Amino acid sequence: MRFSREQQEFALAVREFCDAECKTLQQRDALTAGGTIANSQVILDKFAALGWLAVSLPEEYGGGGAGMVEECIFLEETSRGLAPITGYSTGLTAAQTYLRYGTEEQKRTIVSNMAAGKLEAIALSEPGAGSDLGGVRIKAELVDDHYVINGQKTWISAAHVAEHILLLARTDTSGSKHQGLTLFMVPTDTPGLEIHGITTMEARTCNDLYFTDVAVPVTAVVGTPNQAWRHLMRGLSVERLIIATMSLGAAERALDDVIAFVTEREQFGRTISSFQAIRHRIADLATEIAFAKSFVYEVAERIDAGEEDNLNREGSMAKLKCTEIAKKTTLEAMQMMGGYGYTREYGMEEQVRHALAPTIYGGTNEIQREIISKSLGL
């Protein structure tokens with residue numbers, strides 16, 4: 001696709017902001033306490049002041065009122081610019097469910113929070129239910145005018161910095177495993193909710209959540225009670241596109257950095273960019289990234305055209321391809337940079353670590369391949 005003039009200007013503005021605020025390791029360390037936190041409130045506040053957060057969400061609820069193309073531009077450029085705002089994408093994904101099934105009050109609360117630089121989280125996975133969400137066991141029991149929630153969630157992104165948790169819980173055990181599931185909007189300061197970080201390769205992103213007699217009113221239900229499976233199965237193309245777009249930006253950044261390195265680094269009396277083995281590997285990566293970008297924005301345009309519910313296969317394809325190319329590009333870049341790619345100073349090791357998890361979360365790439373193959377009649 002071709003961006004409009006306004007879209008081109010938006011992309012350039014976001015890129016220039018990231019270059020000014022987040023480009024160097026020293027800048028990112030200052031924003032993230034030496035790389036120990038994943039989300040910089042300083043950057044989120046600045047984006048909020050510029051009106052760039054929630055750009056695709058409805059204006060009547062406090063969003064920017066633009067389309068998915070503009071949101072993808074923002075996600076691509078902030079990921080490419082290494083802006084430390086990974087939790088924003090989680091909140092953006094949660095907002096899609098609230099906007100489809102939430103009450104007017106829930107929609108207004110979530111969208112206005114997102115636009116103001118506050119974050120939201122989604123709690124689906126459990127120790128025994130990851131790819132198979134039908135295995136969810138956390139219970140929410142209706143008692144008079146409220147629900148009492150007990151159980152555990154795990155691998156919950158951004159929960160420790162979120163305002164609310166979009167929680168998937170079991171409210172009825174009489175039917176099949178895909179029946180009797182309900183979504184709830186749970187404030188993170190609700191008594192009985194404990195949030196504990198999970199140590200991973202990256203700064204703190206994921207958490208274990210423990211619910212002990214957590215009470216929420218019936219107004220906390222998002223959508224129809226016992227119909228959460230149907231709710232979750234609709235609109236997944238947007239979630240997958242969000243992940244795909246961020247991985248696209250990550251791949252572009254790795255490509256930019258490795259090109260800058262190989263055009264300066266000399267071996268055997270000439271720059272290593274002059275060696276065919278290097279040039280051709282970079283040419284292959286650039287080609288794959290260009291094709292991935294074209295597909296991402298085709299899907300975004302179709303979502304803006306109202307085709308969201310008919311893009312399950314395309315959403316899975318975008319997520320699969322972009323996360324794989326981000327992983328491939330960062331690993332290839334590290335190899336081409338040699339020992340320097342392994343050092344923290346040059347930043348590629350950070351990019352490698354960031355590129356690995358997206359192939360797992362949001363539905364593993366193995367699950368995406370299953371979705372694609374089934375859509376082909378296999």
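This structure holds 12 aromatic pairs, and it is a predicted model. Ring pairs link F10, F17, F47, W52, F74 and Y88 into a cluster.

**The F10–W52 pair**
- The ring centres of F10 and W52 are 5.9 Å apart and the planes meet at 75°, so this pair counts as edge-to-face.
- F10 belongs to helix α1 (residues 5–21), while W52 is in the loop between α3 (41–50) and α4 (68–80), so the contact ties together parts 42 residues apart in sequence.
- F10 is buried, because its relative accessibility is 13% and the cut-off for buried is under 20%.
- W52 is buried as well, with a relative accessible area of 13%.

**The F74–Y88 pair**
- F74 and Y88 are also arranged edge-to-face, at 5.5 Å centre to centre and with 80° between the planes.
- Since F74 lies in helix α4 and Y88 in helix α5 (residues 86–101), the pair ties together parts that are 14 residues apart in sequence.
- Both F74 and Y88 are buried.

**A charge over a ring**
- R270 places its charged end over the ring of F275, 3.9 Å from the ring's centre.

**Strand β5 and its partners**
- Strand β5 (residues 181–187) is mostly covered, with 6 of its 7 residues buried.
- On pairing with strand β4 (residues 162–170), β5 runs antiparallel over 7 bridges; here A169 stands opposite T182 of β5.
- β5 is also joined to strand β8 (residues 221–222) by 2 bridges, again in the antiparallel sense, and V222 in β8 is the bridge partner of L183.

Technical notes:
Residues numbered from 1 in each chain as written. Predicted model: local features only at pLDDT ≥ 70, side-chain atom pairs only at ≥ 80, totals over all residues. Heavy atoms only, no water. Buried < 20%, exposed > 50% of the residue type's maximum accessible area, 1.4 Å probe, protein only. Helix = DSSP H or I, 4+ residues; strand = E, 2+ residues; numbered from the N terminus. Pairing = 2+ DSSP bridges. Phe/Tyr/Trp six-rings, centres within 6.5 Å; stacked < 30°, edge-to-face > 60°. Lys NZ or Arg CZ within 6 Å of the ring centre and 35° of its normal.
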